[in-house]
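Here are a few friendly notes to read alongside the model.

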Amino acid sequence: MNMALSRGLRCCQRVFSWIPVLIITAVVLWSYYAYVFELCLSNFNLTIWIVVLAVTLKNPLEKVAYLLVFHVCFVMFSWTYWKSIFTPPATPCKKFQLSYSDKQRYEMEERPDAQKQVLVEIAKKLPIFTRAQSGAIRFCDRCQVLKPDRCHHCSVCETCVLKMDHHCPWVNNCVGFSNYKFFLLFLSYSMLYCIFIAATVFKYFLKFWVGELPNGPAKFHVLFLMFVALMFFVSLMFLFGYHCWLVAKNRSTLEAFSAPVFVGGPDRNGFNVGIRKNLQQVFGEERRLWFIPVVTSQGNGHYFPLKNRTSESHNPLLANEDMWDESDDGSEEGSLVEDQDPSVTIEMEE
């Protein structure tokens, strides 16, 4: 009975979690209708795709220019929003999970200290530099993985997410290593979409407001379109500015509120390797691809250069991928370049 109730609640939670996405989608679809059909194409007489006259926009070239730019903004907004929603969160690879043999060793040990020592031996093979607040190596008891640097467990997605920034209800997804670039582009193209609408609608907004244009359905849509575009632009501007600051400092939202802890203690700038390299970690080295929602981020999300260890020999963001070939036999592949202190303990985290 309890299991059935729990499943029902989880099902309801999944359904309700899509409500913010549906709200955004409905607002965007309405804005498309209002801008294209009420502002640009209302009362059109079409002759082989050429617009002749309309109630609002009276210059055919102006209409064509508005529609072209509008559709570019709309397509880029929709593309980045789609990628932000449907890109699965990146999770730790098998090297950070307990292998079959390690799990057997772990379960056979009855004493907690002995179990911790098993996990310490596993951690020696991995490029882990961050610690829990207590100074212990971070371990997720739910996912049964040693957490890579900047990785956190999302209670909504019910998994550990690489370089987790936050769980965003407006995309119904975790924003992390796999889709952080898409999320930033989504914010930027949302702002561009809103400011373009507000800028091009403004003069017709004034004409409707002072009564120079006749009353009708278009009047309501144009007035409301102006208010909605400005409202969303202001809110997005602050959010986008905050994330630009985070990228420049190479911090996630979680790290901005709680500084990552290293062997030497907490350090908010532990991953800050300079603005240029910070940008390249998120957007890649090919600048022509920065504004296109395709995967260009550096590395694989399991390890990151440190402020005081930027050389590849200490923390290889772009090291040979062969060292990360996943195997199930618990071999020593992908062992950490530096041995960690075996006295470090493991902390079980929920």
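How many salt bridges does a search of the whole structure find?

1. The search finds five salt bridges (a side-chain nitrogen of Lys or Arg within 4 Å of a carboxyl oxygen of Asp or Glu). Please keep in mind that this is a predicted model, where local features need pLDDT of at least 70, side-chain atom pairs count only at pLDDT 80 or more, and totals for chains, interfaces and linings use all residues. Residues are numbered from 1 along each chain as its sequence is written, and side-chain values use heavy atoms, with hydrogens and water left out.

2. One of these joins Glu 121 to Arg 105, at 2.6 Å from N to O. Glu 121 sits in helix α5 and Arg 105 in helix α4, 16 residues apart. Glu 121 is partly exposed at 32% relative accessibility, and Arg 105 is partly exposed at 34% (buried is under 20% relative accessible area, exposed over 50%, partly exposed in between, with a 1.4 Å probe and protein chains only). Asp 102 joins Arg 105 and Glu 121 in a salt-bridge network.

3. Look next at Glu 255 and Arg 150, whose closest N and O atoms are 2.8 Å apart in a salt bridge. Glu 255 lies in helix α8 and Arg 150 in the loop between β5 and β6, so the pair ties together parts that are 105 residues apart in sequence. Both Glu 255 and Arg 150 are buried.

4. For the helix contact, see α2 and α7, where Trp 30 and Tyr 33 are among the α2 residues that meet a group in α7 including Phe 224 and Leu 225 (contact means heavy atoms within 4.5 Å).

Definitions and conventions:
Helices (H or I, at least four residues) and strands (E, at least two) are DSSP runs, numbered from the N terminus.
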